[in-house]
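Please open the model in your viewer and keep the selection panel at hand.

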Amino acid sequence: MAAAAAAGSSPGSRPGDSPEGPEGEAPERRRKAHGMLKLYYGLSEGEAAGRPAGPDPLDPTDLNGAHFDPEVYLDKLRRECPLAQLMDSETDMVRRIRALDATYTIRKMKNDFRKMEDEMDRLATNMAVITDFSARISATLQDRHERITKLAGVHALLRKLQFLFELPSRLTKCVELGAYGQAVRYQGRAQAVLQQYQHLPSFRAIQDDCQVITARLAQQLRQRFREGGSGAPEQAECVELLLALGEPAEELCEEFLAHARGRLEEELRSLEAELGPSPPAPDVLEFTDHGGSGFVGGLCQVAAAYQELFAAQGPAGAERLAAFARELGSRYFALVERRLAQEQGGGDNSLLVRALDRFHRRLRAPGALLAAAGLAEAATEIVERVARERLGHHLQGLRAAFLGCLTDVRQALAAPRVAGKEGPGLAELLANVASSILSHIKASLAAVHLFTAKEVSFSNKPYFRGEFCSQGVREGLIVGFIRSMCQTAQSFCDSPGEKGGATPPALLLLLSRLCLDYETATISYILTLTDEQFLVQDQFPVTPVSTLCAEARETARRLLTHYVKVQGLVISQMLRKSVETRDWLSTLEPRNVRAVMKRVVEDTTAIDVQVGLLYEEGVRKAQSSDSSKRTFSVYSSSRQQGRYAPSYTPSAPMDTNLLSNIQKLFSERIDVFSPVEFNKVSVLTGIIKISLKTLLECVRLRTFGRFGLQQVQVDCHFLQLYLWRFVADEELVHLLLDEVVASAALRCPDPVPMEPSVVEVICERG
């Protein structure tokens, strides 16, 4: 083995071998020695070298090999590696790619910086060469540069002198051609030089000629300015040229404003002519456009030109301009207000708001130029005033709509009686009135909401963000209308005596229900809708919803109470006339119920149906089982009198009155005009109490015969048979009718009552 090792190592260690020998001899000997060693140890070439065998250079899965194939490599990984190893391989590959990218970038940056350093070195060398050449050229041309500078100065001086000598002819030519601005500029350039050298004869002559020409120029400019045929920019140019020629500024200022006044007054006269009876005035939008483009545009031009020309006048000049604008502006505002007043009749605000928006926008520019004149503030006040007037107009429109609804209801209630046909019911009329009023309210809110639209220029003003919404729309329009509606409804309750009969009772009932519905729901809905649309702010005092609801409920209560009084008065009049127009002493024996009593029952039934259309039934006390069949309880009074009368002395009438008065002390007191509740039973109870109380008082004023008393018994029993079912407590009807018959018995010289069975037969037959 030592000999083999010595044989394998001897070819590279022999002193006689030289690197300059033949190229193929040394490698060939080394390969033979390695081959012998591999055969001896049984190793491959890589193992013989002491390291593992290297990869196959033709392996397509070797990442570092020249024959690497990605598809084959991926297929091998998918076949041989589990999912976890695949993910680890992906992570390792990404890390190695990033490392290679970083290495490549750093290597590239090093190369780039190395190139940049070389270029900077070359640039520094070139700059040094250029600096050296420049210094040598400057040194060579130094003398020539000084001579050129002197010659240039002489040339410039000669040109100035030439300009001065040619100045009179130039000025004359400019004046002849109308190039006044060029002439003034020539004069301005030469004036200082001529003033400085006026002691020299040549310059003095030039100056005199120029002064003559300048005077003629100033005269022509003044003539052109005074003629006023040109526009504001041309006149401003004339003034500017005159100021440049040294004309007095104060005098020019007055003339400028005077000419401007003439032009603006012509615009005002044109606007005023449009307001005349003929030709017809244009719509408000065209009017404001005409005023904005004519008067307001002209005023802006005048203000801008004045401030540019007469800025040297200081505060006095500014105040003069402000007074000028304030005076003409007030006249323009008066014309605008006259035209806006003609738009107060319509209900649509869209055209009016657009006109106000343009009017307000047009006055922003003069308001900024002439802050002291207060034009923008005055325009805002006009817009606010128009908005308040429109709120008042819409309030009047809502009131008129409400009165129109009442007129329609009156006509609908009267139509069946006139035409002989059935009209709409109260519930339908109530629904129509409520929906009509609500639609008018919504339309008014939509119309005035245009004043607060975001695209309107004045909507961001404090008035339209606060007071207009809370005090104007909510309080002035909505709350004002609701209170006006309640006051109008209450006015039907304030008519004294017979005059109140002109109001149909059904209208009183309908208005009462309308106000009650407003108290329960409508007021809250309307105010919530208003607050949401106009974002009413809390810092302004507003009427609480509860206060308005209380007012509406009180109005409904008064109307319903008045309805009870009116209907009670109608029935009472029938009963009063039936008692007063009859001779009760000579009345025949009753055989039937009087017709007026039947009419009372019919009218009461009709009222019950009418009230039931709008109000709920209400609560009644438990009815006795014999209410309709009960023999009239007033006979107890008569029977008591018949039972106690024989024991009396001849002063029996005094004793009978005493007994009646004692009985009243122990009977329940009946409040005829007690408060009326919002239900049908309470309303009918009030009407029947008034009617029966009237009957009682009329009976007390008459004297009855035997048959007259019996007729009263029959009538009262008939009323008892039908009226008890309409009231809350049937005992109330019994007590009142008992008192009627008892009062008639007290006023009867021969109080012999009719047998109860006979009374019942007559009433059943009637």
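Predicted model: local features only at pLDDT ≥ 70, side-chain atom pairs only at ≥ 80, totals over all residues.

**The whole chain**

Residues are numbered from 1 along each chain as its sequence is written, and side-chain values use heavy atoms, with hydrogens and water left out.

Buried residues make up 38% of the 766 residues in the protein; buried means under 20% relative accessible area, exposed over 50%, and partly exposed in between, with a 1.4 Å probe and protein chains only. Of the contacts (heavy atoms within 4.5 Å) with a separation of 6 or more, 81% join residues 24 or more positions apart.

**The nonpolar core**

Next, select Ile437 and Phe468, the residues with the most contacts inside the largest nonpolar core, which has 157 residues. Such a core is a set of buried Ala, Val, Leu, Ile, Met, Phe, Trp, Tyr and Cys residues joined through side-chain atoms within 4.5 Å. Helix 14 (residues 375-419) gives the most to this core, with 16 residues. Around Ile437, show Phe402, Cys405, Phe481, Met485, Leu514 and Tyr518, which Ile437 touches when residues up to four places away in sequence are not counted.

**An aromatic cluster**

Now select Phe451, Phe458, Tyr463, Phe464 and Phe468, which form one aromatic cluster. The structure holds 16 aromatic pairs; rings of Phe, Tyr and Trp (its six-membered ring) pair if their centres lie within 6.5 Å, and planes under 30 degrees apart count as stacked, over 60 as edge-to-face and the rest as tilted. Tyr463 and Phe464 make an edge-to-face pair, at 5.0 Å centre to centre and 80° between the planes, and both Tyr463 and Phe464 are buried. Phe464 also pairs with Phe468 in a tilted arrangement, with 5.2 Å between centres and 50° between the planes; Phe468, like Phe464, is buried.

**Gly472 in helix 17**

Move on to Gly472 in helix 17 (residues 467-491), which is buried with a relative accessible area of 11%. The C-alpha atoms of Gly472 and Leu391 are separated by 6.9 Å, although these residues lie 81 residues apart along the chain. Leu391 is also among the residues that Gly472 touches, together with Glu467 and Leu477, not counting residues up to four places away in sequence.

**Helices 18 and 19**

How do the axes of helix 18 and helix 19 cross? Select residues 505-534 for helix 18 and 545-580 for helix 19: the axes come within 8 Å and cross at roughly 170°, which makes helix 18 roughly antiparallel to helix 19. Axes are lines fitted to C-alpha atoms, for helices over the stretch in contact, and angles run from 0 to 180 degrees between N-to-C directions; angles under 35 degrees count as roughly parallel, over 145 as roughly antiparallel, 65 to 115 as roughly perpendicular and the rest as oblique.

Within helix 19, pick His562, which is buried with a relative accessible area of 13%. Leaving out residues up to four places away in sequence, His562 touches Phe492, Cys493 and Leu508.

Note on methods
Helix = DSSP H or I, 4+ residues; strand = E, 2+ residues; numbered from the N terminus.
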